[in-house]
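Let's explore a protein together, one question at a time.

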Amino acid sequence: MELTLLGTGAPAGLPRPECPCASCATARGGLARAATALLVDGALLLDLTPGAALAAARAGHSLAAVRQVLLTHPHDGPPVELPVGLPTAGRVPDGRELTLISGHRVRAVPMDSPGTGYEVTSPEGKVLLYLPPGGALAGHVAVGRTYDMVVADVVGRPDGLARLRAGGAVGATTDVIAVHIDHDVPPGPELDRRLSAAGARAVPDGTTLIVGEYHAVPDVPRRTLVLGGARSGKSVEAERRLETFPDVLYVATSGNRADDSEWAARVRLHRERRPGSWRTEETCELAPLLAEEGPPLLIDCLALWLTDAMDRVGAWDDAKWASDGQRALGERTAELVAAVRAAPRTVVAVSNEVGSGVVPATASGRRFRDELGRLNAAFATECEQVVLVVAGQALTLRG
């Protein structure tokens, strides 16, 4: 099954008309995207957009053989002119299946928002799932098959991809193509970086793909360390890396602070930001969790883990530190690093980058700074990817 993406952008296109934002300002030339429309084997057009015939011609195709035009979502704005010779565009009721003269079978799948998704099966048995902007499959996903390709709004609805993965509809070999791309993410390298972390990719307008053809699916790093200063956006970056995966275990190393209302507000903000399917465990015993098989771990954060570890060995006291505290802390840190090295599950850890700030005024403060720097360096050595977040911008240091 041959799929040509006549457009890959949001319904308003990218850049948006008259939008002054930085993303739209840089979405020029090859980074510009027309509204998403798909041409399947020259016979089926999914979504009718302005300039579809011209876009097909630029891609080396014609709409002359199109026998069915299906819409996935309500189209705002002025009516789109139907190119001469095309059948009238329409939407199929949920659950209904069409068989085209070309041999393709098209089934309408219900969405959790206004719109219709389409499952397209080729005469050879390859299966494509195409979802509308801002949409995800309704209810529990149990399609009973793994799709060969999924074309969906990965940026706008990462939870939809997570549900497809949870139901087995997206597997290790599924080619996930991001479309309906808007100005929420800067185009170019930053978009590619975020999609790669989700096991997805974007392609330029006019690209032709073969559904079911082998393609190297972007590898999600098995171990990632996200560094950053206070309020740099490091926790958001870490959470974003796992938002397309179901059953994430969020490990909070902060513990409880019953009398600290400000801390309680911070914890509540983090919980409200995370997907509802994630589980939370409050513990500093990381080695046993790292050794277990299971869903991805998100550890937030290593600085608080180190605080707890230094509490346990009496590292704040100079005499205790000199006698056996330094040795005991080294053993606990080495245990954690060894556990990360052997971890069988996906791990994303967050830590503070404190070495670039003011030198602490106390010996214990300088000790913490030094030990955190050593811990970050040792942990980073065991990670396939290391990212530094500055002012909300993620800079890849490794991987």
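Q: How many cavities of 30 Å³ or more does a search of the whole structure find?
A: This is a predicted model, where local features need pLDDT of at least 70, side-chain atom pairs count only at pLDDT 80 or more, and totals for chains, interfaces and linings use all residues. Residues are numbered from 1 along each chain as its sequence is written, and side-chain values use heavy atoms, with hydrogens and water left out. A cavity is a set of points, on a 1 Å grid over the protein atoms alone, where a 1.4 Å probe fits but cannot get out; its volume is the space filled by probe spheres set on the points, which are joined across faces, edges and corners. With a threshold of 30 Å³ or more, the number of cavities found is three.

Q: Which helix gives the most to the lining of the largest cavity?
A: The largest cavity has a volume of about 70 Å³, and lining residues have an atom within 4 Å of one of its points. Helices (H or I, at least four residues) and strands (E, at least two) are DSSP runs, numbered from the N terminus. Strand E9 (149-152) and helix H3 (158-166) are the elements that give two or more residues to this lining. With three residues, the top contributor is H3.

Q: How many residues in the lining of the largest cavity are nonpolar?
A: The lining includes Leu131, Val150, Asp153, Arg157 and Gly160. Ala, Val, Leu, Ile, Met, Phe, Trp, Tyr, Cys and Pro count as nonpolar, Asp, Glu, Lys and Arg as charged, and the others, Gly among them, as polar. By these classes the lining has two charged residues, two polar ones, and a nonpolar count of eight.

Q: Which strands stand at the edges of the six-strand open sheet?
A: Two strands pair if DSSP finds at least two bridges between them. The order here is E5-E6-E7-E8-E9-E10, with mixed pairing. Each edge strand has a single partner strand, so one side of it is left without a neighbour in the sheet; these strands are E5 (97-99) and E10 (175-178).

Q: How many of the residues of strand E12 are buried?
A: Buried means under 20% relative accessible area, exposed over 50% and partly exposed in between (1.4 Å probe, protein chains only). One side of E12 has Arg223, Leu225 and Leu227, the other has Thr224, Val226 and Gly228, and both faces are covered. Of the six residues in E12 (residues 223-228), the buried number is six.

Q: What is the bridge partner of leucine 227 in E17?
A: E12 runs parallel to strand E16 (residues 347-352), with six bridges between them, and in E16 leucine 227 is partnered by serine 351. E12 also runs parallel to strand E17 (residues 385-390), through five bridges. There, the partner of leucine 227 is leucine 388.

Q: At about what angle to E16 does helix H8 run?
A: Axes are lines fitted to C-alpha atoms, for helices over the stretch in contact (heavy atoms within 4.5 Å). Angles run from 0 to 180 degrees between N-to-C directions. Helix H8 (residues 302-312) lies across E12, strand E15 (297-300) and E16, and its angle to E16 is about 70°.

Key: 1 Å grid on protein atoms, 1.4 Å probe; cavity = no way out; pocket = protein on both sides within 12 Å on 5 of 7 lines; lining within 4 Å.
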